[in-house]
Amino acid sequence: CLIMAKQQILDWTIVSLRPQGQHTAARLAVAKWQAHLCAFSIFKLVAVQNKPELTKALASEIRIISSPSAVRFAQHSAALSGHWLAIGQQTADCLYAAGASSVEIAEPQNADGLLKMGALQSIHGVSIGIITAPNGRGLLEQTLVQRGARINIAFVYKRQALKLNLKQLARIDQFGPKTAILVSSKSAFEQFWLQLSEPRKAIIKTTICIASSTRLVEYLHTLGLSRVLCSASTLAQDQISTLAKTVLPAK
């Protein structure tokens, strides 16, 4: 069945909007399905020197780290030992490599899954450290505050916007019915969308997008996108599997 699936998506183009230098996971997942990768870097990640806030976040009763990138930037300034909550398996793997003793992973692997974790239910007065980037997972922070937690946020990196070049923009004009865009970040898609002309927005509105959460699905619908799928996680392999299950015959 897997062999058949690979054969039937040979001519698909999978678009990654990951930050500059962060397309490896998408590239490997696309290669597994023998499709083609189109890498559009909408951001590059830049370190933020924030040692006092990082120290405070690390001293919190519950500690959350938002992404593998957050782990990589944070470990340059401090040891990441002890217990953690993480959104996905990739982040957990990075935490273990950085010295964590235990990591609880959200299910599903997104912010919504994290907010369902038992450790984040009765948290009135509990200090929670969040290590992340600005304009990242705002819903997570807002919800935890509403539940009465004391939030200590440490921004260890920031996203610097990049402009698509003329060649990349022209490639959008060639998107066809067998093109799919992986969407795992609202801020990345927003930046992508802002750079498009109206004719190119019209193309994207009919292109399959695979969102990593129901919130992203709802956001894409507000832009007028009509072919939106929801994946179980932010992992590129899960997103492509979602595509395959949708477009391939039931057999």
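Predicted model: local features only at pLDDT ≥ 70, side-chain atom pairs only at ≥ 80, totals over all residues.
Residues are numbered from 1 along each chain as its sequence is written, and side-chain values use heavy atoms, with hydrogens and water left out.

**View 1. The pair of phenylalanine 40 and phenylalanine 192.** The ring centres of phenylalanine 40 and phenylalanine 192 are 6.2 Å apart and the planes stand at 35°, so the pair is tilted. Phenylalanine 40 sits in the loop between strand 2 (36-39) and strand 3 (43-47), while phenylalanine 192 belongs to helix 9; the two are 152 residues apart. Helices (H or I, at least four residues) and strands (E, at least two) are DSSP runs, numbered from the N terminus. Phenylalanine 40 counts as buried at 1% relative accessibility, and phenylalanine 192 is buried at 0%. Buried means under 20% relative accessible area, exposed over 50%, and partly exposed in between (1.4 Å probe, protein chains only). Phe40 and Phe192 also belong to one aromatic cluster with Phe175, Phe189, Trp193 and Tyr219.

**View 2. The pair of phenylalanine 73 and tyrosine 157.** With ring centres 5.2 Å apart and planes at 20°, phenylalanine 73 and tyrosine 157 form a stacked pair. Phenylalanine 73 is in helix 4 (residues 68-74) and tyrosine 157 in strand 9 (residues 157-161), so the pair ties together parts 84 residues apart in sequence. Tyrosine 157 counts as buried at 3% relative accessibility.

**View 3. The largest nonpolar core.** A nonpolar core is a set of buried Ala, Val, Leu, Ile, Met, Phe, Trp, Tyr and Cys residues joined through side-chain atoms within 4.5 Å. The largest has 27 residues, of which Phe40, Phe189, Phe192, Ile204, Leu220 and Leu225 touch the most other members. Two or more residues each come from helix 8 (166-172), strand 10 (179-183), helix 9 (186-194), strand 11 (208-211) and helix 11 (214-222). Neighbours within four places in sequence aside, phenylalanine 189 is in contact (heavy atoms within 4.5 Å) with Leu17, Val183, Ile204, Cys209, Tyr219, Leu220, Leu223 and Leu225. Another core, of 22 residues, lies apart from this one and includes Ile65, Ala86, Ala92 and Leu95.

**View 4. The open sheet with strand order 2-1-10-11-12.** Five strands make up this sheet, and their pairing is parallel; two strands pair if DSSP finds at least two bridges between them. Strand 2 and strand 12 (228-230) are the edge strands, each pairing on one side only. On average, neighbouring strands are turned by 25° against each other, direction ignored. Helix 2 (residues 24-32) packs on the sheet and touches strand 1 (13-16), strand 2 and strand 10; its direction makes about 160° with that of strand 2. Axes are lines fitted to C-alpha atoms, for helices over the stretch in contact, and angles run from 0 to 180 degrees between N-to-C directions.

**View 5. Strand 11 and its partners.** Strand 11 is joined to strand 12 by three bridges and to strand 10 by four, in parallel both times. Valine 183 has alanine 211 as its bridge partner in strand 11. Towards strand 12, isoleucine 210 stands opposite leucine 229, and cysteine 209 opposite valine 228. Both faces of strand 11 are covered: Ile208 and Ile210 on one side, and Cys209 and Ala211 on the other, are all buried.

**View 6. The open sheet with strand order 6-5-4-7-8.** This sheet has five strands in parallel pairing. Strand 6 (100-105) and strand 8 (150-155) stand at the edges with a single partner strand each, so one side of each lacks a neighbour in the sheet. The twist from one strand to the next averages 30°. Strand 4 (residues 62-65) and strand 5 (residues 82-86) are joined by two bridges, and isoleucine 65 has alanine 86 as its bridge partner. Helix 5 (residues 89-98) packs on the sheet, touching strand 4, strand 5 and strand 6, and its direction makes about 170° with that of strand 6.

Definitions and conventions: Phe/Tyr/Trp six-rings, centres within 6.5 Å; stacked < 30°, edge-to-face > 60°.
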